[in-house]
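Here is a short report for a reader new to this structure. Look at the sequence and the model first, then read on.

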Amino acid sequence: MSAFSLDTNVLIYAIDPSQGEKHKAAQALLGRALNDAWPIALQVLGEFYNTTTRKNVLTRTDAARTDRKSVV
C-alpha cells in the first residue's frame, strides 16, 4: 500500500498551464502518481470538480470527463 495520496491542488495545477512552474511540477507528480498507482481520495475528486467548475476553469461536462489522458 502506498504512503502517498494526491491533494486537490496538484490536480488543479496539472490542468492549468497558466500556473507555469506549478503546472509543470504538478504534471510530473501526477504522472508519477498514476504510474505508481497512488490513491486519490473521493473527496479530492469532489473538490477538484467543485473548484474547477466554480472558478470556471472547466465546464461541468469537462470536469466530469477529466481523465488521465487529458491531464498528463
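How many residues of helix α1 (residues 8–15) are buried? The count is 6 of its 8 residues, so α1 is mostly covered. Buried means under 20% relative accessible area, exposed means over 50%, and partly exposed lies in between (1.4 Å probe, protein chains only).

## Ground rules

This is a predicted model, in which local features need pLDDT of at least 70 and side-chain atom pairs count only at pLDDT 80 or more, while totals for chains, interfaces and linings use all residues. Residues are numbered from 1 along each chain as its sequence is written, and side-chain values use heavy atoms, with hydrogens and water left out.

## Overall picture

The protein chain has 5 helices and 0 strands. Read from the N terminus, the order is α-α-α-α-α. Helices (H or I, at least four residues) and strands (E, at least two) are DSSP runs, numbered from the N terminus.

The protein chain has 72 residues, and 29% of them count as buried.

Among contacts with a separation of 6 or more, 57% join residues 24 or more positions apart. Contact means heavy atoms within 4.5 Å.

## Helix α1

The buried residues of α1 are T8, V10, L11, I12, A14 and I15. D7 caps the N-terminal end of this helix. A side-chain oxygen of D7 lies 2.9 Å from the backbone nitrogen of N9. That is a polar contact (a pair of N or O atoms within 3.5 Å; within protein, one must be able to donate a hydrogen and the other to accept it, and residues adjacent in sequence count only if both atoms are side-chain atoms).

## Helix α2

Helix α2 covers residues 21–35, which is 15 residues. At 1.5 Å a residue, α2 should span 21 Å, and its end C-alpha atoms are 21 Å apart, which agrees. The expected span is 1.5 Å times one less than the number of residues.

In α2, H23, A26, L30, G31 and A33 are buried. Seen down the axis, the buried residues of α2 fall within an arc of 160°, so they line one face of the helix. The arc is that of the directions from the helix axis to the C-beta atoms. The face turned away from the buried side carries the exposed residues E21, K24, A28 and N35.

## H23

H23 sits in helix α2. H23 is buried, with a relative accessible area of 13%. Its side chain reaches the backbone oxygen of A14 at 3.3 Å. Leaving out residues up to four places away in sequence, H23 touches Y13, A14, I15, D16 and P17.

## Salt bridges

How many salt bridges does the structure hold? There are 2. A salt bridge is a side-chain nitrogen of Lys or Arg within 4 Å of a carboxyl oxygen of Asp or Glu. Side chains of opposite charge can pair when their charged atoms come close.

K24 pairs with E21, the closest N and O atoms being 3.5 Å apart. K24 and E21 are 3 residues apart in α2, so about one helical turn separates them. K24 is exposed at 53% relative accessible area, and E21 is exposed at 59%. R32 and D36 form a salt bridge too, at 3.7 Å from N to O. R32 is partly exposed at 47% relative accessibility, and D36 is partly exposed at 45%.

## Loops and positive phi

Most residues other than glycine have a negative phi, and most peptide bonds are trans. A37 has a positive phi near 60°. A37 follows α2 and lies in the loop between α2 and α3 (42–54). A37 is exposed, with a relative accessible area of 59%.

N56 has a positive phi of about 55° and is not a glycine. N56 lies in the loop between α3 and α4. N56 counts as exposed at 66% relative accessibility.

## R65

R65 belongs to helix α4 (residues 60–65). R65 counts as exposed, at 63% relative accessibility. The C-alpha atoms of R65 and Y49 are separated by 10.0 Å, and these residues are 16 apart along the chain.
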